[in-house]
Amino acid sequence: DVGPVEPADIKATAKGKPLTLTYQPAGDVIALHLAAEDAGAALWGLGLTRGVKGGTLHLDGTTDPGRNPWLTTATLDLRDFRLTDAPIAARLVNAASPTGFMDLLRGQGLAFDRLNTEVDYADGKIGFRNGRAAGALGISFEGDLDMNSDKIALKGTIVPVDTFNRIVAAIPLIGDALTGGNRGGFFGVTYSVGGTAGDPKVSVNPLSALAP
């Protein structure tokens, strides 16, 4: 029994689009489900980011009240969204894709088909694991965000032309040799992000384009 947990079953709207949240005891844990038909509006309303526009959002996971502090683990799925006013994205794109950076400057944003990541949350700290995004860029990411101090630590790989890499990857043997199989893309660069979310320090390693 998880003890005195107040269950939640909320139906609301974000910019006129449906948003649902359920938080219900399920044995020794608490089951969490969040869905929104306007991902950007939902994330803005939750105070997380203004940098996502449109798209759909699904978050499914559990909270373990037996941990101290309580630990929430979940999977996040975003689809068909645009990334706009985001300092980290702007600096990464400027380093890896000048064309994409110009789209950001014009306010058009970068279009993504899908983003998936494992998420854990405890005591104001968010961890991202096995993150992947595909669309205008191919991006992998993992790391942590401390919401109490605004400090961030991320690392991953950027593939400037994700479509090209997917075509190459589809070629048997050659695709695995060039893209590194599941280990990352040949036509990509590694990066790391530190500092704060509002003023991130971005480091890019272009040599990784030659040595995945």
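Buried here means under 20% relative accessible area, while exposed means over 50% and partly exposed is in between, using a 1.4 Å probe and protein chains only.

Quick housekeeping. This is a predicted model, where local features need pLDDT of at least 70, side-chain atom pairs count only at pLDDT 80 or more, and totals for chains, interfaces and linings use all residues. Residues are numbered from 1 along each chain as its sequence is written, and side-chain values use heavy atoms, with hydrogens and water left out.

Back to the rings. The structure holds 2 aromatic pairs. Phe81 and Phe112 make a stacked one, 5.5 Å centre to centre with 15° between the planes. Phe81 sits in strand E6 and Phe112 in strand E7 (residues 110–122), so this pair ties together parts 31 residues apart in sequence. Phe128 and Phe141 form an edge-to-face pair, at 6.2 Å centre to centre and 65° between the planes. Here Phe128 is in strand E8 (residues 125–135) and Phe141 in strand E9 (residues 138–146), so the parts tied together are 13 residues apart in sequence. Phe128 and Phe141 are both buried.

The cut-offs: rings of Phe, Tyr and Trp (its six-membered ring) pair if their centres lie within 6.5 Å, with planes under 30 degrees apart stacked, over 60 edge-to-face and the rest tilted. Strands (E, at least two residues) and helices (H or I, at least four) are DSSP runs, numbered from the N terminus.

Now, stay on strand E6, which covers residues 71–83 and includes Thr72. Is Thr72 buried or exposed? Thr72 is buried, because its relative accessible area is 15%. Leaving aside neighbours within four places in sequence, Thr72 is in contact with residues including Leu32, Val119 and Tyr121; contact means heavy atoms within 4.5 Å.

Over on strand E9 we find Ser140. Ser140 counts as buried because its relative accessibility is 16%. Not counting residues up to four places away in sequence, Ser140 touches Gly131, Arg132, Lys155, Gly156, Thr157 and Tyr191.

Last stop, the outside. Leu46 is in the loop between helix H1 (39–45) and strand E4 (52–53). Why does Leu46 count as exposed? Because its relative accessible area is 51%.

That's my tour, thanks!
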